[in-house]
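Here is a short briefing to read beside the model. It goes topic by topic.

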Amino acid sequence: MRMPDAEALLDQLAERMRPQVSADAALIGIYTGGVWLAERLHRTLGLKQPLGTIDVSFYRDDYQSRGLTARVKPSDIPFEVADADVILVDDVLYTGRTIRAAINELFDYGRPRRIRLAALVDRGGRELPIAPQFLGAEVKVADNEQIELQKSADGRLSLVVNPVPAQERN
Amino acid sequence: MAYNPQLNANGELHHLLTIEGLPRDIIVRILDTAHSFLSVTEREIKKVPLLRGKAVFNLFFEPSTRTRTTFEIAAKRLSADVINLNVGTSSQTKGETLLDTVANLSAMHADMFVVRHAQSGAAHLIARHVAPYIHVINAGDGRHAHPTQGLLDMFTIRHYKQDFTNLRVAIVGDVLHSRVARSQIHALTSLGVPEVRVVGPRTLLPTHVSELGVHVFHDMARGLKDVDVVIMLRLQNERMNGALLPSAQEFFKYYGLTPEKLAGAKPDAIVMHPGPMNRGVEIDSSVADGNQSVILPQVTFGIAVRMAVMSILAGNA
């Protein structure tokens, strides 16, 4: 399947969020693609809270089988999580396991009032009861393919489909 | 590729025994991972679930409250169960061999051993004999190595100086008996520090230390001139009674770090010490507590570095 244009999807996603996101909502981007999206959404929606970033490596459920992620980025939550209205931002929603890990990590900072989820694309294949409140588009790809969000030197975002590298298949 | 007892068949870190021969990218990965753990240690809940259900045995055949405590905190912040054994006071005095002690603890389903021993090579010996799923961390063996101390020192230097490749680093004092100094020298050269100096009296420097790629100084003023980092080593009290040193006072006069001697280093030089310090022997209180001292941050960074080492090891089958 040909991937939709990421820039157009991001605009649609922002417009879908706008009526339901108050100015004191807090965005948290999930590394790596989710952080790029969250930076843009944060600007477009004119949010007051500083932007948060999360790397779920310390909370992944496949650590036992795959070890620690090679390049772990520090999570940075620069606002009070207790009672915050949080929106997690990710690029590709798939099994839901990354979102589970992000929610667990977030609760180690405090008890948010609410957590919602924004994703650029949803490829189906959920293994946990997790659903996005804000979505760019649903897409279909084969099981042996992965969708990747890329960022060019001038900051433009695009979606590409690649075959899954052999060692990453279960 | 030469056999490296620290690496598994995939070239991943399986045990941490020494920095000597450790691939540079593994050192850098440990430092990068530790950087991410630093933010965990500053949160409300300072725990992550990586080592949940794992049993870490702190196996200390030589007393060390601080190192044992920082390993214990690191393991607990990774959600592991920690069992502390001061073996010097139990089985060994009853005549049990090192390997029998380890075999018994393995039968209690240990997943990781943190080993401190007065004999060089003790951690290597244990690593060679444990089941393949068990990981061993050397927490100091004889005069040989103390790799996590070396790594936390590298983390500290990188934190304050960013780039290793334009630094002048002086290691001062009792290099002869120091496993810390050996680990530091291997780490510094591996990370590309162009000038590593060792400074001390002839009696406290190993005879062929220059073969490790370091510059040797016996004079403090020359040794500290224009350095970016001063690492003071602990002068162990038991060394003072032998023929190596006339007295602690005389050592302090020539090699103790005072504000006057530190003035010869670069104005933004940092002062490090692996602890515990002997104030008035190797370091003056006004330097230890001064604004160039990063001795307490070293302790804080040590926990993040040990969390990184443990989580990388335990994740590599």
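Is A:Q150 buried, partly exposed or exposed? A:Q150 is partly exposed, because 14 other C-beta atoms lie within 10 Å, and that class falls between 12 or fewer for exposed and 20 or more for buried. The model is predicted.

**A:Q150 and its surroundings**
- A:Q150 sits in strand β6 of chain A, which covers residues 145-151.
- Beyond its neighbours within four places in sequence, A:Q150 is in contact with A:S158 and A:V160.
- A:D11 is 139 residues away from A:Q150 in sequence. Their C-alpha atoms are 16 Å apart in space.

**Contact between the chains**
- On chain A, 16 residues are in contact with 19 residues of chain B.
- The chain A side of this contact has 8 nonpolar, 3 polar and 5 charged residues.

**Nonpolar core**
- The largest nonpolar core holds 145 residues.
- B:M112, B:F113 and B:V230 have the most contacts inside this core.
- Helix α11 of chain B, residues 295-315, gives the most to the core, with 11 residues.
- Outside the four places on either side in sequence, the contacts of B:V230 include B:A170, B:V172, B:L224 and B:L257. B:L262, B:A265, B:A269, B:V271 and B:M272 are also among them.

**Helix packing: α1(B) with α5(B)**
- Helix α1 (residues 24-40) and helix α5 (residues 147-161) of chain B pack at about 70°, with axes 10 Å apart.
- That angle makes α1(B) roughly perpendicular to α5(B), because angles of 65 to 115 degrees count as such.
- Their crossing is right-handed.
- From α1(B), B:I30, B:L31 and B:A34 meet B:L151, B:M154, B:F155 and B:R158 of α5(B).
- This contact has 6 nonpolar residues, no polar ones and 1 charged.

**Helix packing: α2(B) with α11(B)**
- Helix α2 of chain B, residues 65-77, packs against α11(B) at an angle of about 60°. The axes are 8 Å apart.
- The two helices, α2(B) and α11(B), are therefore oblique to each other.
- The crossing of α2(B) and α11(B) is right-handed.
- On the α2(B) side, the contact is made by B:T70, B:F71, B:I73, B:A74, B:A75 and B:R77. On the α11(B) side, B:G302, B:I303, B:R306, B:M307 and B:M310 take part.
- By class, the contact of α2(B) with α11(B) has 7 nonpolar, 2 polar and 2 charged residues.

**Backbone geometry**
- Most peptide bonds are trans, and most residues other than glycine have a negative phi.
- A cis peptide bond joins A:Y31 and A:T32, with omega about -5°. A:T32 is in the loop between β1 (26-30) and α2 (33-45) of chain A.
- A cis peptide bond also joins B:G275 and B:P276, with omega about -10°. B:P276 lies in the loop between β9 (270-272) and α10 (285-288) of chain B.
- B:H109 is not a glycine, yet its phi is positive, about 65°. B:H109 is in the loop between α3 (98-107) and β3 (112-117) of chain B. B:H109 counts as exposed because it has 9 C-beta neighbours inside 10 Å.
- B:D226 is not a glycine either, and its phi is positive, about 60°. The loop between α7 (220-224) and β8 (229-232) of chain B holds B:D226. With 11 C-beta neighbours inside 10 Å, B:D226 counts as exposed.

How values were computed:
Residues numbered from 1 in each chain as written. Chains lettered and ligands numbered in written order. Predicted model: local features only at pLDDT ≥ 70, side-chain atom pairs only at ≥ 80, totals over all residues. Contact = placed C-beta atoms within 7 Å. Nonpolar A, V, L, I, M, F, W, Y, C, P; charged D, E, K, R; others polar. Core = buried A, V, L, I, M, F, W, Y, C linked by C-beta atoms within 7 Å. Helix = DSSP H or I, 4+ residues; strand = E, 2+ residues; numbered from the N terminus. Axes fitted to C-alpha atoms, helices over the stretch in contact; angles between N-to-C directions. Parallel < 35°, antiparallel > 145°, perpendicular 65-115°, else oblique. Left-handed = near helix turned anticlockwise from the far one by under 90°.
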